[in-house]
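Visitor: I have a chain to go through and some questions about it. Can you put it up first?

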Amino acid sequence: MSEHRQGELFPSDEAPWEIDAQATVLAAHVVFSEAPFGPYSYRIPDELSGKIQAGMRVIVPLGKGDREITGYTLGVETLKQYRQNLKPILQCCDDSPLCSPNLLELVRWMSKYYLVPAGQVIEAVVPAGVRAGAGTRNQTLLRPTEKATEDSFVSSLPVKQKQTLVQLILANEPLAPEQLRTLANCSDGVIKKLRETGFIESFTERVMTFESSDSGPQDEKIPIPALTVDQRVALQTIFGALDSQKHSTILLHGVTGSGKTEVYMQAIERTLSFSRQAIVLVPEISLTPQTRSRFQNRFKSVAVLHSNMTGPERHFQWRRISSGDVQVVVGPRSAIFAPVPTLGLVILDEEHETSFKQDTIPRYHARDVAIHRTFLEQVPLVLGSATPSLETYHRAKKGAYQYVSLPRRILNRPMPEVRTIDLRVNRIDANQSSLSKPLLQSMRRVLSEDGQVILLLNRRGFSTRVQCPSCGFVLGCPDCDMPLTFHRDGNKVMCHYCDYTIAAPQHCPKCSFDGIRFSGLGTQRLELEVQASFPDAPMARMDSDTMRKPGSHERTLSDFRAGRTKILLGTQMIAKGLDFPNVLLVGVIQADTTLHFPDFRASEKTFQLITQVAGRTGRGDKAGEVLVQTFSPEHPAILAACQHDFLGFADLELQHREPFEYPPYGSLARIIFRGEAQEQVEQFAEGVVGKARSLVAKHNSKVRILGPSLPPIPKLRGHYRYHAMMITQQPGALHAVLQEIQATTKLPEGILYLIDIDPIDML
Ligand code: ADP
Ligand code: ZN
């Protein structure tokens, strides 16, 4: 990570100044996306005054050599002219601001909260394709000048020139030279003459050359259902918030299949009736093609944003959205920055999903950004989930959020029956089957009744461990210090953290023992086993290995929906928001995979995963069944998930977290250090953490600091890592310490550190 330059958002220069009480100067605050980040004040020269607005890019001189560099204007203000030494802005790069005043305010907030320079935040808010003007070209356009309105001048023109000029005036809009040539049937020479004599002037404008062809499904018109009583009550609360024209946050806690999406859609209809637009945030759009088409079928103009859009596509949608042509924007976390002109409502579906947190700089959480954006725009935010995050649930319980619940499934369909299978009793030999007898029996029964089965195993690959039975050596990644996973396709072993790949060894690389063992179950091996047990049942595997090609999710899911496949197995990507009425059985192969992670959220994540995947069954007329294979059936997270007991789980888990001040009771920040020389990284980490400790002591702040210590992944992509955790109930004090660290820490060569505010990833 590059060095941070901290300080006031608008620091005052300590340059010499003279006071001239009358004169004023127009200045712009400019930030850069690389060091030095600014902000710096620049004088707006007369020829650019009235043109430069906050949110535009400018070219300015920087440093001793006056190197020319592009920056972003954060604000414009009139200064008393006592700072004669301000350097001037050289050029303005945009005709209109890249983002609205409210979005800029959001940028400022993110910059402060996440401790990331504003220039870097802007580059996360405004997509690269938009900044590059992807899919556009510079077009020269012609328009008549003032002189062309004077009859006396015009009447003296030669006939052809006069005709041409009249055509341009009649067009009532600027024309490209070739358009005018065709319209007036004239030569280039005629136009040239008119420009030389000052009747026509030319200017350039960027025009879109890209047109999106994707206008969405809009095929089937699904009738709007009569709402259930629960849905109506929930909707009334949201309507109340919309009508108040104020900001509030509403937690819509609805069990799986309770009809949350219908509530969202009717809330959006109300929003549109105020001529406002809505943003719907979803975890990952490619995993939820159903959600996408439900919105596209209901509303006239929907823009669907997704992570693999090309630059021109993204730019096209951005412009469409800014122009107000789009009613509803549906997309992943970055869609919270969609430039809708009059925002009316934001919905964040599956609010507990960790994919709302960005794992690169700026490491923002879309939920918290959404809270801030809806606050700035004074509109409601709806957070929906069957398994709300404890942070959100706690705030709702305390009354900071409104709480509405849909405790029943649509049509009073029962919640599926969930049973655990104790793997300590129903022993599964590592080399035999990963499917216990009861699970096999249920699968057989459901398939014979023409039902469908979903199997969840949260590990991809074939074997998750390659070990020598003779010397005990475990094959690890040389760059990451993590065990390698065997992949049967291609007979290779690879690292899931950095993609390091080698051919699978026959012999132990250490002691040459012939007969190295592959153990630990991955989805590839599960697929093989299921095929062997159910050779006649068509099946599909869904994990990031099989889903690499664009469109593969859609294909796999539509095959399953149509009943062409009977068994769908995969990693957590099959646990999300899918609505297939014929799924009568869900099997969780190993509920413990996420349970024993070194992460204080491990129980919560396990509870969420089981509850969500269980929610994929029993959504039609027939009842569903869920079987959870586990080594710890008595674990509270697993017990609660089996009883569909969110409230019981949440209360117990909150009790566990309170004494440690873990979120939601305290705020967390994590500092990650890395570099190629382990000792140097450790020393640097010790230095920074030591400084943090003394700052805490000096200010007498109540901030607990753990570490520095080795994180669960001590080496990643050839870099040694250390981390430290800071916990507090005084987030302001924590921020002050971190700011001071950033301002005073000099990075040694070869070492990087980054600060993760409200971290989710603890590895
Ligand atoms: P959730 O998002 O809470 O899991 P969904 O919104 O997917 O639930 O709703 C589950 C199913 O119930 C969907 O097929 C939806 O079309 C249907 N549904 C929603 N509301 C109603 C209603 N009031 N009457 C009948 N069916 C409904
Ligand atoms: Zn690796």
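Guide: One term to begin with: helices (H or I, at least four residues) and strands (E, at least two) are DSSP runs, numbered from the N terminus. This is a predicted model, in which local features need pLDDT of at least 70, side-chain atom pairs count only at pLDDT 80 or more, and totals for chains, interfaces and linings use all residues. Residues are numbered from 1 along each chain as its sequence is written, chains are lettered from A and ligands numbered from 1 in the order in which they are written, and side-chain values use heavy atoms, with hydrogens and water left out.

Visitor: Where does Pro 362 sit?

Guide: Pro 362 is in the loop between strand S12 (343–349) and helix H12 (366–377). Its peptide bond from Ile 361 is cis, with omega near -5 degrees.

Visitor: And which residues does the cis bond with omega about 5 degrees join?

Guide: Gly 38 and Pro 39. Pro 39 belongs to the loop between strand S1 (24–31) and strand S2 (40–43). Most peptide bonds are trans.

Visitor: Switching to ligand 1: how many residues surround it?

Guide: There are 17, and the closest are Ala 226, Gln 231, Gly 257, Lys 260 and Asp 579. A residue is near a molecule if one of its heavy atoms lies within 4 Å of it. Helix H9 (residues 260–273) gives the largest share of the shell, three residues.

Visitor: What are the backbone distances to ligand oxygens for Gly 257, Ser 258 and Gly 259?

Guide: A backbone N or O atom lies 2.7 Å from a ligand oxygen in Gly 257 and 3.2 Å from one in Ser 258. For a polar backbone atom of Gly 259 the distance is 3.1 Å. The protein covers 77% of the 560 Å² of accessible area that ligand 1 has on its own; such areas come from the Shrake-Rupley method with a 1.4 Å probe.

Visitor: What about phi at Ser 275?

Guide: Phi of Ser 275 is near 60 degrees, positive in a residue other than glycine. Ser 275 is in the loop between H9 and strand S9 (277–281), and counts as exposed because its relative accessibility is 57%. Exposed means over 50% relative accessible area, buried under 20%, partly exposed in between (1.4 Å probe, protein chains only).

Visitor: Is Gln 742 buried or exposed?

Guide: Gln 742 is at 2% relative accessibility, so it counts as buried. Gln 742 is in helix H21 (residues 731–744), and a polar atom of its side chain lies 3.0 Å from the backbone oxygen of Leu 115.

Technical notes: Polar contact = N/O pair within 3.5 Å; in protein donor to acceptor, adjacent residues only side chain to side chain.
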